[in-house]
Every structure is written in C-alpha cells, then in structure tokens.
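Here is a friendly briefing on strands and how they pair. Take a look at the structure first, then go through the points below.

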Amino acid sequence: MEEEVHTGEINREAEAAPALIAVHPLDRSIALALGYELRVFDFEMDCAVSLTDEAYSPCHSDAIRAICFGANGRLFVSAGDDKLVKIWRTDTWHCIRTVCSDKRVSAVAISHDGLFVTFADKFGVVWIERLEEDDQGQASVDKKAVPLLGHYCSIITSLKFSPDGKFIATADRDFKIRITIFPKGPLKGAHEIQNFCLGHTDFVSCLTFICPPDCHQSFLLSGSGDATVRLWDHVSGQLLDTCDVGKKAGLLDSKEKVEDSLAVTDINALPDGSFVAAAIQGLHGVMILKCDVPARRLFIAKFVFVEESFVPTSLGLSSSSKLLWVVMGASNVSKLGVSKMAQLRVLSDLDKFLSNEHGDYPVILKDKDMPGGEKLLLKFQGSDHVTKQDEALAATATAVKVAMQNLLTKKQYSLEKRDFRKRDRNDRKFKKQQF
C-alpha cells in the first residue's frame with residue numbers, strides 16, 4: 001500500500017538530505033555521510049575504512065542527519081531519520097552500541113570525557129546515554145537513553161558541549177539558544193539553565209565554541225537563517241557582536257551572484273577563534289571571519305569563491321594541519337533523477353593566511369591534489385552517472401535549500417487548518433492502532 005501524502009504535510013520521500021563531513025580531531029581520518037551511507041577514509045593507513053556493525057546491515061537505513069567525533073577522537077557518533085544512534089570506536093570502526101530513538105534524530109554530541117553521548121530528536125528532547133569501558137575494550141551502556149532536557153516541541157538543530165564540559169548548548173528553529181549546566185549526575189536530567197542567548201530573528205542552524213588563549217573562558221558562535229553569525233558570552237547570555245553576512249554579501253566579487261536566501265548552514269572555527277569558516281546558502285564558496293574577543297568584534301576577513309554552482313552543505317576543520325574540508329552534496333535529488341551526489345574541496349595554507357603572508361591564500365585543492373588523492377576521490381566523490389555536472393550541482397543546491405526551509409521555517413496555519421491537521425494526525429494514529 002502506497003504511503004499517502006497528506007495536505008499540508010511534507011513528502012519525506014522527496015526530501016533531500018545534505019551531505020555532512022567531520023574531521024578527526026587529530027587528523028587521523030575523515031567521515032562523510034551521504035544519505036544513509038557513512039564513509040570513512042583513514043589518512044594514516046591511506047585507505048578507505050570498512051565499518052563493522054554486527055547488528056545492522058547497512059548500518060543506517062535512512063538519511064543520516066548528524067555526525068561527530070569526540071574531543072579525543074576515540075568515539076564517533078552517527079544518527080538520523082532511521083531513529084538509530086550509532087556509537088563507533090574509531091580505532092577499529094566497530095559499532096559498539098546502537099541506541100533506538102522514538103523520534104528522528106537531528107543532532108548529536110559527545111561529552112569531552114567520552115562518558116556520555118547525547119542526541120536530540122525532532123520533538124525537541126535531548127537524550128543522554130552513558131558509556132563505560134570494560135577490560136575487553138567493549139562498551140557497556142544503560143539499556144535505554146534517558147531524557148536530559150527539552151525545548152518543548154521545537155526542532156533542535158545543533159548540540160554542543162562547552163570546552164570545559166560545564167555547559168551544553170542547544171539551538172532550535174524558534175530562534176533560541178539555551179545554555180544548560182551539565183550536571184555531575186546527568187542521568188537524572190539537566191534542570192539548571194544558565195542562560196538563554198536571544199537575538200536571532202530566524203532559526204538557529206549551527207553552533208561552535210571558541211576558547212582564546214588569553215581569555216579565562218570560552219565563547220559561543222552561532223549561525224542562523226537570519227543571515228548573521230553572532231558572538232556570545234554564553235555564561236552571561238550577553239551578545240557581544242553580530243556579523244551580518246547578508247549585508248556584506250553585496251560587497252563580494254562581481255563573479256559571485258548573490259541570492260535572496262543567505263541562511264548560514266554551518267560554522268567551524270579554530271579553537272582560538274582566529275579563523276572562523278561559514279557556509280552560507282546561496283554563496284558559491286566559504287565566508288572566512290575572524291574573532292577579536294578582547295575587542296568584542298567579529299568581522300569578515302575574506303570570501304573564498306570555490307567554483308560556479310558549488311554551495312557548501314557542511315564544513316570540517318583540521319586544527320593541526322590547517323585544512324578546511326568543504327563538501328557539497330545531497331541524497332535523493334529527484335529533479336535530475338540523482339539518488340546521491342557529493343563533491344569535495346579543501347582549503348589549504350590556512351597558516352599562511354593567518355600569518356598575513358603575501359599571496360592568494362587559502363588555496364583551493366581539488367581532485368588529485370587533495371590529501372588522500374585518488375583513493376579519497378574513489379571513496380567520496382562522484383554522482384550517479386550525471387553527465388551535466390554544473391546542472392546537477394545547481395539542482396543539488398536547490399533541493400537542499402528547499403528541504404532546509406521545509407524543516408526549519410515555521411508555517412503559519414489558520415485555526416481551521418490547525419483543526420484539520422489535528423484531526424488528520426489523530427485519524428492516522430487510529431488507523432495504525434487498528435493494524
């Protein structure tokens with residue numbers, strides 16, 4: 001029996017899922033999620049990694065929506081629309097635990113001590129799972145994740161631990177950033193809110209922390225659908241500075257065509273805040289910002305044009321090798337009949353850019369010039385036999401943009417429409433109970 005598409009509801013079968021990328025904190029490997037596929041390349045072994053999951057094959061059955069490494073790189077987590085949270089050991093790339101969620105998962109994070117894995121679902125609840133290491137190096141965990149905190153039916157878009165492990169920051173589509181004190185006994189819930197960081201006028205899409213060496217605390221950066229990147233003192237909740245990338249976009253080079261939608265989709269930063277990279281919807285490259293915390297300033301340093309039709313969907317920053325990994329891609333791009341497509345680029349020589357050396361830095365690497373060369377390309381890049389590459393890239397960018405708007409832009413319904421949707425949901429629940 002075919003699944004019906006109800007009036008006012010999004011057809012998830014036609015929903016594109018953006019490609020995601022994550023870099024091991026010690027530069028040992030790189031992971032990319034494309035649809036339900038999770039791909040890993042080991043730089044030390046110079047080869048693709050075979051993932052081992054004894055309970056599930058493939059490891060995910062629906063689009064992966066969140067991936068991350070732990071702070072020391074020992075653990076990796078993947079989760080998504082199949083309601084499965086996979087916890088992996090990165091020395092063997094063996095799945096040591098699969099946690100089942102009641103709802104689709106939108107964000108994941110690992111505590112800095114590696115003892116807890118947290119994940120957020122589409123109903124705005126953050127769940128926590130405790131890990132223990134036994135003598136055999138396998139992980140034993142509690143049978144079921146427990147709720148940690150909630151955003152009251154608002155989709156959580158980003159989930160991050162502060163560098164000192166004292167706070168957990170959560171962002172949602174209702175413009176809010178919540179800073180919660182991470183308790184010593186988190187399995188009983190996190191009930192003490194430190195602050196709300198309020199000021200965004202559209203969904204908050206991404207968060208990252210920076211910790212300048214000359215400061216006694218860390219600071220928070222956020223990106224949003226309102227086309228701004230903001231700098232916060234998350235301890236006090238104070239907004240320190242706002243960088244309006246939407247307004248700045250008009251000053252870009254003439255070869256870059258600026259679109260109406262300039263939502264910030266991802267941000268990544270070096271720990272000291274000297275280099276902040278932002279992926280922005282509608283821009284064919286990466287916006288580079290710098291953060292001067294003592295002066296409470298966040299400013300654009302440069303826009304790096306990658307190539308025509310290349311709109312990044314995710315960023316991965318290597319702090320030790322000073323490389324910025326940029327991926328554009330999506331699964332289920334129905335316009336061209338493409339099931340999945342991904343393209344990788346690398347911005348190198350960030351150290352020369354940071355030291356203000358003369359030259360056109362950062363340098364864009366692609367194809368065989370990238371770390372890993374042909375082996376990496378065979379593992380990651382490609383589209384399902386698409387002949388018109390530019391057309392496929394453009395279709396991918398559009399599909400990701402529409403999917404993100406459908407997910408994060410709140411829809412306004414009349415009272416009559418709300419009643420209809422409520423009755424419709426109740427009818428479907430009743431039909432499921434009948435079966």
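Four strands make up an open sheet in the order β6-β7-β8-β9, with antiparallel pairing. The model is predicted: local features need pLDDT of at least 70, side-chain atom pairs count only at pLDDT 80 or more, and totals for chains, interfaces and linings use all residues. Residues are numbered from 1 along each chain as its sequence is written, and side-chain values use heavy atoms, without hydrogens and water.

**The open sheet**
- Its edge strands, each pairing on one side only, are β6 (64-69) and β9 (94-100).
- From one strand to the next, the twist averages 15 degrees (axes are lines fitted to C-alpha atoms, and angles run from 0 to 180 degrees between N-to-C directions).
- Strands here are DSSP runs of E with at least two residues, numbered from the N terminus, and two of them pair if DSSP finds at least two bridges between them.
- β8 (residues 84-89) runs antiparallel to β9 and is joined to it by six bridges.
- Opposite arginine 89 stands histidine 94 of β9.

- All six residues of β20 (residues 219-224) are buried, meaning under 20% relative accessible area with a 1.4 Å probe, protein chains only.
- Phe219, Leu221 and Gly223 point one way from β20, while Leu220, Ser222 and Ser224 point the other way.
- Antiparallel β19 (residues 204-210) is joined to β20 by six bridges, and isoleucine 210 has phenylalanine 219 as its bridge partner.
- Four bridges link β20 to antiparallel β21 (residues 228-233), where tryptophan 232 stands opposite leucine 220.
- β20 and β21 form a hairpin with three residues between them, and alanine 227 in the turn has a positive phi of about 65 degrees.

Key
Buried means under 20% relative accessible area, exposed over 50%, partly exposed in between (1.4 Å probe, protein chains only).
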